[in-house]
Amino acid sequence: MSPALKIVVVDDTPASLELVAESLQQDGVEIFTATDPEDGLDLIYREHPQIVLLDLVMPKLNGLQVLDRVMEFDPAIDVILMTAHYTTETAVEAIQKGACDYLNKPISIPALRARVEGLLAESRRRQRAYALDSELLETSSFEGMIGRSPLMWELFARIQRVAPHYRSALITGPTGTGKDLVAKALHNLSPANTGRFVTCNCSAVVETLFESELFGYVRGAFTGANNDKMGLVEFAHGGTLFLDEIGDMPLTTQAKLLRVLQNQEVTRVGSVTPKKVDVRVVAATNRDVNALIAEKLFREDLYYRLAMVELKTPSLAERKEDLPLLEKFFLARFSRQFNKDLKGITRRAQIALARHSWPGNIRELENAVGHAAMMTMGDTIDVEDLPPAVCGREKTGELARTAAVGDDAEAAGSFADHERALIADALERAAGNQSEAARILKISRDRMRYKMAKYDLR
Ligand SMILES: Nc1ncnc2c1ncn2[C@@H]1O[C@H](COP(=O)(O)OP(=O)(O)OP(=O)(O)O)[C@@H](O)[C@H]1O
Ligand SMILES: [Mg+2]
């Protein structure tokens, strides 16, 4: 059984409070009520409900002020405002402050029920998804890589099949997609896992030193070679040599590397005697190898040799279904690292993350979650905590948030009506200019276009 969902109702008129509370009575839902807004806030802090129903006009604190405090406490709480004094200004304000609905009094009980049912269903789905995600995180991890999208499963399966047998492999994929992790996985699952995993970052090696670095040299091979020196290939004997950013390897070195791969022997610079080595070579690049070959910057024969086993790491954009899991994974990691008890990411922050295009892939996501985990004052990450580049200029997730939970909640009627009116009004004020109207409502142009289509507005 999942834990009960909670609703807090705050209304200074006892009769109306009772009516609302009674009409929402059902199994699996606990309802708390308060006639005093301060008591209501105490209840909210204590019970941490999923849904709050607020009367707009109350003595001491009005509904909008309570709404502010609720959003400060947890922006993920769904707040429905109830009012007998509807004005467009308060509706706009409520939506911008993060309310998800705005119902007219006297409350239509069927409309209220329909609206709350929709929100409860969404909360239950989230509860389930959350429990599921925690298990999934364990079952969706492979050698330190998280993923359950078809593309990642395919990658994991390929690594597993290939690892026991390969002699050389090429990992290609955009930056930040986990090529280093794939290389380590290949090593860890191969018979060479008892040997060393030696990394050579080809973009960091000075061209003239490349060969002595990789193949070693003998005394007197060049000025300054006062002793024999072992190269990385020999050092990796019995294990794996990881050639990162192989696209940056000079052509002459590529030719010699090919010989190492073909003959499994290495000749130190200045020597004529080859030496047998037993080494697996994994190369990686985020560049387009075919383009490099076309420009004669990469040897085709070396490519074919390496690409007998080619593993492609997909971009994050190709596997966005992995986002929630990756978010959770990094959140848990930074939670430990920063010694914070971080509980989650608000829905609107998740929406912002889902909208981003992630050119820097997992590395960018990792940095974004790290940044947010550091910035957040509370135990939940919200849009404001995310790096500006990620959440874009879209400070107002509110309409988006509404849309995420209630696009099909037309039954509730009133909110859709308000929203339609708001959008029509903004369009009018902007003299039909969509971008301007979007700016007035602080929503994106895409959102604006979507809403206009939804409400058939022009
Ligand atoms: N599937 C994944 N699950 C969890 N973490 C991942 C995953 N893929 C990558 N990461 C993390 O993302 C970061 C970037 O990964 P990595 O360094 O392997 O990228 P790369 O493909 O080698 O990028 P580049 O081409 O820029 O070198 C690392 O911190 C890594 O741990
Ligand atoms: Mg890398």
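**Core and ligand**

Modeller: Keep in mind that this is a predicted model. Start with Val233, which touches Leu214, Phe215, Leu241, Val260, Val266, Val277 and Val279, leaving aside residues up to four places away in sequence.

Colleague: How many residues are in the largest nonpolar core, and which have the most contacts inside it?
Modeller: That core has 32 residues. Those with the most contacts inside it are Val233, Leu214, Leu241, Leu243, Ile246, Phe298 and Leu306.

Colleague: Which helix gives the most to this core?
Modeller: H10 does, with four residues. Helix H10 spans 251–263, and among the other elements that supply at least two residues each are strand E12 (240–244) and helix H12 (300–306).

Colleague: What about a second core?
Modeller: There is a separate one of 28 residues, and it includes Leu316, Leu331, Leu353 and Val383.

Colleague: Switching to ligand 1: which residues are closest?
Modeller: The closest are Thr175, Gly176, Lys179, Asp180 and Glu366, out of 20 residues that surround ligand 1. The shell divides into nine nonpolar, six polar and five charged residues.

Colleague: Which of its atoms does Asp180 approach, and at what distance?
Modeller: A polar side-chain atom of Asp180 lies 2.5 Å from an oxygen atom of ligand 1. For Arg363, a side-chain N or O atom is 2.9 Å from an oxygen atom of ligand 1, and for Asn286 the corresponding distance is 3.0 Å.

Colleague: How much of ligand 1 does the protein bury?
Modeller: The protein buries 88% of the 630 Å² that ligand 1 exposes when taken alone.

How values were computed:
Residues are numbered from 1 along each chain as its sequence is written. Chains are lettered from A and ligands numbered from 1 in the order in which they are written. This is a predicted model: local features need pLDDT of at least 70, side-chain atom pairs count only at pLDDT 80 or more; totals for chains, interfaces and linings use all residues. Side-chain values use heavy atoms; hydrogens and water are left out. A nonpolar core is a set of buried Ala, Val, Leu, Ile, Met, Phe, Trp, Tyr and Cys residues joined through side-chain atoms within 4.5 Å. Buried means under 20% relative accessible area, exposed over 50%, partly exposed in between (1.4 Å probe, protein chains only). Contact means heavy atoms within 4.5 Å. A residue is near a molecule or strand if one of its heavy atoms lies within 4 Å of it. A polar contact is a pair of N or O atoms within 3.5 Å; within protein, one must be able to donate a hydrogen and the other to accept it, and residues adjacent in sequence count only if both atoms are side-chain atoms. Accessible areas come from the Shrake-Rupley method with a 1.4 Å probe; for residues, only the protein chains shown count as cover. Ala, Val, Leu, Ile, Met, Phe, Trp, Tyr, Cys and Pro count as nonpolar, Asp, Glu, Lys and Arg as charged, and the others, Gly among them, as polar.
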